[in-house]
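Hi,

Here is the structure I said I'd pass on. Have a look at it first, and then read my notes below.

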Amino acid sequence: MKRSEKNCAATFLFKTLADPTRLRLLNLLACGETCVCELTDTLRVVQPKISRHLRHLKRAGLVETRRNGKWVHYRWAMQGDPLVRHVLIGLRVWMKKHVGMKDERRRREKVCCRVSRRKTGRT
């Protein structure tokens with residue numbers, strides 16, 4: 001990769017991480033693979049906005065997807081680039097300590113169970 005391409009990639013990475021909604025999504029995905037419906041319920045944000053931010057995170061190479069029927073599950077992507085890997089390690093450390101991020105992870109645990117019942121048709 002040429003130097004200018006590396007600079008563009010780094011710029012895109014930091015622009016991606018500059019958005020609070022994308023940070024909140026990465027925070028929830030740090031808990032493990034998650035469905036879009038769980039993200040929308042946890043963050044209380046409409047599905048189109050969540051999907052738009054997830055597409056951006058995917059373009060930046062920060063998340064990967066897995067389809068299971070009509071459900072799409074997102075997870076943190078494995079990183080080969082040392083810059084990205086180091087930035088994300090630091091980000092995870094920060095998210096574990098941040099009170100608001102901890103609260104959203106706790107809320108996700110409650111939503112997860114409710115959404116799982118909805119997906120399987122159990123009440």
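At what angle do helix H2 and helix H3 pack, and how far apart are their axes? The angle between H2 (residues 20-29) and H3 (residues 36-43) is about 120°, and their axes lie 11 Å apart. Axes here are lines fitted to C-alpha atoms, for helices over the stretch in contact, and angles run from 0 to 180 degrees between N-to-C directions. That makes H2 oblique to H3, because angles under 35 degrees count as roughly parallel, over 145 as roughly antiparallel, 65 to 115 as roughly perpendicular and the rest as oblique.

Before going on, a word on what you're looking at. This is a predicted model, where local features need pLDDT of at least 70 and side-chain atom pairs count only at pLDDT 80 or more, while totals for chains, interfaces and linings use all residues. Residues are numbered from 1 along each chain as its sequence is written, and side-chain values use heavy atoms, with hydrogens and water left out.

Now the overall layout. The chain has 6 helices and 3 strands (DSSP runs numbered from the N terminus: helices are H or I with at least four residues, strands are E with at least two). From the N terminus, the order is α-α-β-α-α-β-β-α-α. Of its 123 residues, 37% count as buried (under 20% relative accessible area; exposed is over 50%, partly exposed in between, with a 1.4 Å probe and protein chains only).

Back to the helix pair: on the H2 side the contact (heavy atoms within 4.5 Å) is made by Arg24, Leu25, Leu28 and Leu29, and on the H3 side by Leu39, Thr42 and Leu43.

Then there's the core. The largest nonpolar core has 24 residues, and Leu26, Ile50, Leu54 and Leu62 have the most contacts inside it. Such a core is a set of buried Ala, Val, Leu, Ile, Met, Phe, Trp, Tyr and Cys residues joined through side-chain atoms within 4.5 Å. H2 gives the largest share, 5 residues. Not counting residues up to four places away in sequence, Leu54 touches Leu25, Leu29, Val36, Leu39, Val63 and Tyr74. In soluble globular proteins, nonpolar side chains tend to be buried together.

His53 is buried, with a relative accessible area of 3%. Leaving aside neighbours within four places in sequence, His53 is in contact with Asp19, Thr21, Arg22 and Leu25.

Cheers
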